[in-house]
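Colleague: I am new to this structure and would like to know how its labels were decided. Please show it first.

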Amino acid sequence: MSLLDLLRPKGRRKQAPSTDRGILVFANTSEVIRAETVLKAGGWPVTVMGPPPELQRGCDLVVVYPLIETARILSVLEEAGNPPLEAAPLSGPLLKPVDLYQTKDFGRHLMVRAANMKITVDKKTRVIVNVSGGGCPDVPWLARELTGRPLDEAASPRDQGHTLCAYALDLALKEMRRLCSR
Amino acid sequence: MLAVIGTLPEPGAPLLTGPAAWDGGPLSVAGTAVDVARGTPALLAAASATALALGRSAPHAVLAGDIGRGDGSRAVYAHLVETLPASPFSVLAFHYLQPDVDWHNKVLFTVQAMRPKPLLLADAGFMYAAKMSGQAPEYDLFTPDAGELAFLADETAPHPFYARGFLLSQENRVPELIRRAHVHDNAARHLLVKGVTDHVARGGEILGSVDAPSESALEAMGGTGDTLTGVTAALIEAGWDIPRACLAGARVNRVAGALLRPTPASQVRELIAHIPEALETVLREEGL
């Protein structure tokens with residue numbers, strides 16, 4: 001608990017500081033140490049700790065990382081040949097990423113929503129015409145990169161972006177590709 | 001004075017602060033041209049158009065380049081902690097910033113020491129951090145869309161990406177989600193929920209809703225939520241009480257959308273061009 005919290009009325013103290021942290025679960029300790037080395041070299045403030053009791057998978061250590069930057073961190077670990085078994089919020093290790101998609105057909109255009117991210121495609125030309133929603137700062141940048149690109153040539157938001165919004169946009173894009181390939 | 005605090009989608013762009021004036025072209029922030037596509041520049045352009053039409057001074061922008069690495073957001077946070085105590089702002093609108101609970105708390109603590117304390121509005125990433133910090137009730141207004149309302153209503157979710165499906169699928173149960181967010185202290189005092197129908201709530205209860213004019217294509221257009229927050233923030237700065245500003249802001253955004261006659265491929269800068277005319281229409285409706 002920080003000094004800031006001690007100065008606050010008890011009822012208004014912030015939630016546990018784990019709310020913006022995530023955990024990376026690996027098969028064995030060697031992978032944990034390798035991931036810690038890779039991520040620290042990339043400038044991320046990561047630490048190693050024992051896993052929360054709810055977790056049944058992996059070894060007896062996990063890497064704690066800034067949850068918001070999940071997309072970039074997973075890409076970096078995959079590029080390093082050391083992907084985790086699982087990434088989850090430290091505050092709720094059993095929480096799962098959104099798997100519910102909503103679609104809206106405007107006639108010529110189709111929109112897919114995943115969590116707070118929406119992507120819209122011209123069904124005739126298969127060009128991405130709009131990206132909407134989201135709140136992390138890579139969203140406006142990703143929107144600019146994706147808008148106007150053919151669906152099949154658009155780079156993965158998960159690889160281009162850094163945050164959980166980028167990850168959600170990646171899911172929406174994949175679902176759009178699946179729907180448009182039918 | 002209104003301060004709009006957010007980021008630019010330009011990697012490495014340095015801290016940029018100053019008045020934001022918009023005259024239909026690029027946004028001018030302290031003399032620097034900023035492209036208005038979506039995100040905080042879209043919010044600023046809408047707020048600037050509204051403020052100038054009301055005869056108010058242009059909003060003050062605090063921006064830095066950030067594409068998700070958090071570097072620009074941290075520069076903005078550090079600037080706020082240093083400068084807010086001596087600032088003249090009466091309304092602070094926080095927007096696309098990297099959600100970071102520690103920095104959020106430093107900024108909020110700084111704001112709470114300001115006299116008089118400014119009104120606090122949060123949207124996008126800073127709203128996520130405010131909810132995660134457990135201090136959402138300290139805010140005067142949050143402006144979530146449907147997916148973000150599900151996140152506020154889910155007391156376990158640290159980000160909309162983890163909002164549980166049974167909440168995400170309840171688009172027609174907005175009143176229940178608003179109450180749930182309020183009961184768990186994950187809502188600001190007021191909520192402006194953006195959607196097919198825009199709802200304005202205080203203390204967990206809906207005070208009013210706006211559903212006309214309706215252009216379904218606006219749901220696909222990136223940045224329409226940003227412009228709604230911008231118009232509303234400028235009305236609040238002009239002295240309108242928060243529920244009235246939210247309801248009028250929703251009307252302005254919708255009238256601007258109707259004037260545009262949009263398709264799902266329309267871009268938000270086209271909508272912003274219609275805000276002055278839409279504002280004039282709504283002010284007439286308000287008898288002003």
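Colleague: What makes C136(A) count as buried or exposed?

Modeller: Buried means under 20% relative accessible area, exposed over 50%, and partly exposed in between, with a 1.4 Å probe and protein chains only. C136(A) has 0% relative accessibility, so it counts as buried. C165(A) is also at 0%, and is therefore buried.

Colleague: Before going on, what kind of model is this, and how are its parts labelled?

Modeller: This is a predicted model, in which local features need pLDDT of at least 70 and side-chain atom pairs count only at pLDDT 80 or more, while totals for chains, interfaces and linings use all residues. Residues are numbered from 1 along each chain as its sequence is written, chains are lettered from A in the order in which they are written, and side-chain values use heavy atoms, with hydrogens and water left out.

Colleague: Why is the meeting of E219(B) and K104(A) called a salt bridge?

Modeller: The term asks for a side-chain nitrogen of Lys or Arg within 4 Å of a carboxyl oxygen of Asp or Glu. The N to O distance between these side chains is 2.8 Å, so the pair qualifies. Across the interface of chain B and chain A the rule finds 2 salt bridges.

Colleague: How many residues of each chain are in contact?

Modeller: Contact means heavy atoms within 4.5 Å; 59 residues of chain B are in contact with 54 residues of chain A.
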